[in-house]
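Please look at the sequence and the model below before reading on. The paragraphs after it go through selected local features.

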Amino acid sequence: MRRYGKHTDEDDVRVRPNRRGNRPRTSIRPKHEDAAEGFVVTVDRGRLTVLVEDRTITAMKARELGRKGVVVGDRVAVVGDLSGAKDTLARIVRVEERSSVLRRTADDDDPFERVVVANADQLAIVTALADPEPRPRLIDRCLVAAFDAGLSPLLVLTKSDLAPAESLLESYGPLGVPYVVTNREELADGGAADRVRERLTDKMTVFVGHSGVGKTTLVNALVPDRKRATGRVNTVTGRGRHTTTSALALPLPDGDGWVIDTPGVRSFGLHHVDPARVIHAFPDLEPGTEGCPRACSHDEPDCALDQWVADGHADPARLYSLRRLLATRERHEGD
C-alpha cells in the first residue's frame, strides 16, 4: 500500500533522523593547503608535542589519519590553534613521507612492529663497559636494525673509568663502526660531550641502550639546558631502572643537529628484518653474493662468499662479522 500519492514533493517524504548528523558521507578529504609545517618532539598518551617555527604546541592526531601512527621525528602538517598557549590543542592532518624508519619488535616471535623514531640519520648505540656489564648480543641486534633502516651506526661506550674498552672494540673493529669512549670525569668537564657532539653535527641521532648505561646522563651533557631524570643500577640484578619513559627529541646547542633520547630497552626484536637486506651494509662482500644459490642465507656450505674471501677480495673477519650479525636474527619455522 502506497503511503504517498502520485504528486509528492520533498516535504512529503519522511527522512529517518541520523543520530550522527545528516551530512552525506564523502570520500573527498580537505587538502589543508594552509596547514603549518611541524616536527614531532615527543608523544605522551595520545598528545603530541610539535615544534612549529620557534614554539611548541600540543596536538592530537586528526581522525582522517585513521590508524596511521605519528612518532617522534615525524614531519607533519598541523592546523588549528598554533599559538602554543596553555590549554590549546591543534590537529595533525598529514604525516609527510619519511626518509627512514627505525623499528623494533618485542622479540623475534612478535610480528607487531613498533616504530621507534622516524627520519633519523644515525643510531647511537650506548653501552656501559661495566655496571652493568656490556651486552654484545644487544649491540649486534641494534646494528642489524640500523643497517636495515639505512641509519649510520655509532658506538658510544660509557664508564671507561670502571673497565677498559679494548676487548669490546676489538670485536667490532672489522665492521668499521665509528666509536667514542667516555667516562664520568670527562662528561663532568665537558671533554667527552664535545667528542660525541662532533659525531652528531648536522644529523638527527637516536640514542638507544638498555637501562643504566648512562644514556640519559650523556644526553644531559650534550644538551645541558634540558636536564632529564637519571637513575642508578640495581646492585642485586645489575640492571638499571627506567627513568626515561618516552622518546624526546632535543636540539643541540646552536642548532647543529638533534638528539633523540629513548627509554631503555630490555630486548630488541628483529622479526621485521629481512636478513637479505643486511648484506647491503657490507659493500666489500656484496659483489661476492652474485654466485650464491637462490635465497642463500650466507651461512651455508654453498655460499659463494667463502670463495670470495678465500680469493682475497675481502677480510675474513668481515665475513665472520656478517654471519655473527645474521645469527642474531633467529630463524623460526613459518617466519
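This is a predicted model: local features need pLDDT of at least 70, side-chain atom pairs count only at pLDDT 80 or more; totals for chains, interfaces and linings use all residues.

Residues are numbered from 1 along each chain as its sequence is written, and side-chain values use heavy atoms, with hydrogens and water left out.

Start with strand 12 (residues 248-251) and strand 13 (residues 258-261), which run antiparallel and are joined by 4 bridges. Strands here are DSSP runs of E with at least two residues, helices are runs of H or I with at least four, and both are numbered from the N terminus. Two strands pair if DSSP finds at least two bridges between them. Across this pairing, Leu 250 stands opposite Val 259. The hairpin has 6 residues between the strands, and Asp 254 takes a positive phi near 70° there.

Rings of Phe, Tyr and Trp (its six-membered ring) pair if their centres lie within 6.5 Å; planes under 30 degrees apart count as stacked, over 60 as edge-to-face and the rest as tilted. How many aromatic pairs does a search of the whole structure find? The search finds 2. Phe 39 counts as buried because its relative accessibility is 10%; buried means under 20% relative accessible area, exposed over 50% and partly exposed in between, with a 1.4 Å probe and protein chains only.

Phe 147 and Phe 282 form an edge-to-face pair, 6.1 Å centre to centre and with 70° between the planes. Phe 147 lies in helix 1 (residues 136-149) and Phe 282 in the loop between helix 6 (275-278) and helix 7 (305-310), so the pair ties together parts that are 135 residues apart in sequence. Phe 147 is buried at a relative accessible area of 17%, and Phe 282 is buried at 1%.

Rings also meet charges in this model. A charge sits over a ring if NZ of Lys or CZ of Arg is within 6 Å of the ring centre and within 35 degrees of the ring normal. Arg 104 lies over the face of Phe 268, 5.7 Å from the ring centre. The charged end of Arg 324 sits over the ring of Tyr 172, at 4.9 Å from its centre.

Next, turn to helix 4 (residues 191-200), whose buried residues are Ala 192, Ala 193, Val 196 and Leu 200. Seen down the helix axis, these residues fall within an arc of 95°, so they line one face of helix 4. The arc is that of the directions from the helix axis to the C-beta atoms. Just after helix 4, Asp 202 takes a positive phi of about 60°.

Two polar side chains come next. Ser 100 is placed in the loop between strand 5 (90-95) and strand 6 (101-104), and counts as buried because its relative accessibility is 8%. A polar atom of its side chain lies 2.6 Å from the backbone oxygen of Ala 120. A polar contact is a pair of N or O atoms within 3.5 Å; within protein, one must be able to donate a hydrogen and the other to accept it, and residues adjacent in sequence count only if both atoms are side-chain atoms. Lys 215 lies in helix 5 (residues 215-222) and is buried, with a relative accessible area of 5%. Its side chain reaches the backbone oxygen of Thr 262 at 2.4 Å.

The last stop is the backbone. Most residues other than glycine have a negative phi, and most peptide bonds are trans. In the loop between strand 8 (122-128) and helix 1, the peptide bond from Asp 131 to Pro 132 is cis, with omega near 5°. Asp 131 has a positive phi near 55° and is partly exposed, at a relative accessible area of 37%. Lys 159, in the loop between strand 9 (152-158) and helix 2 (166-172), has a positive phi near 60°. Is Lys 159 buried or exposed? Lys 159 is buried, with a relative accessible area of 8%.
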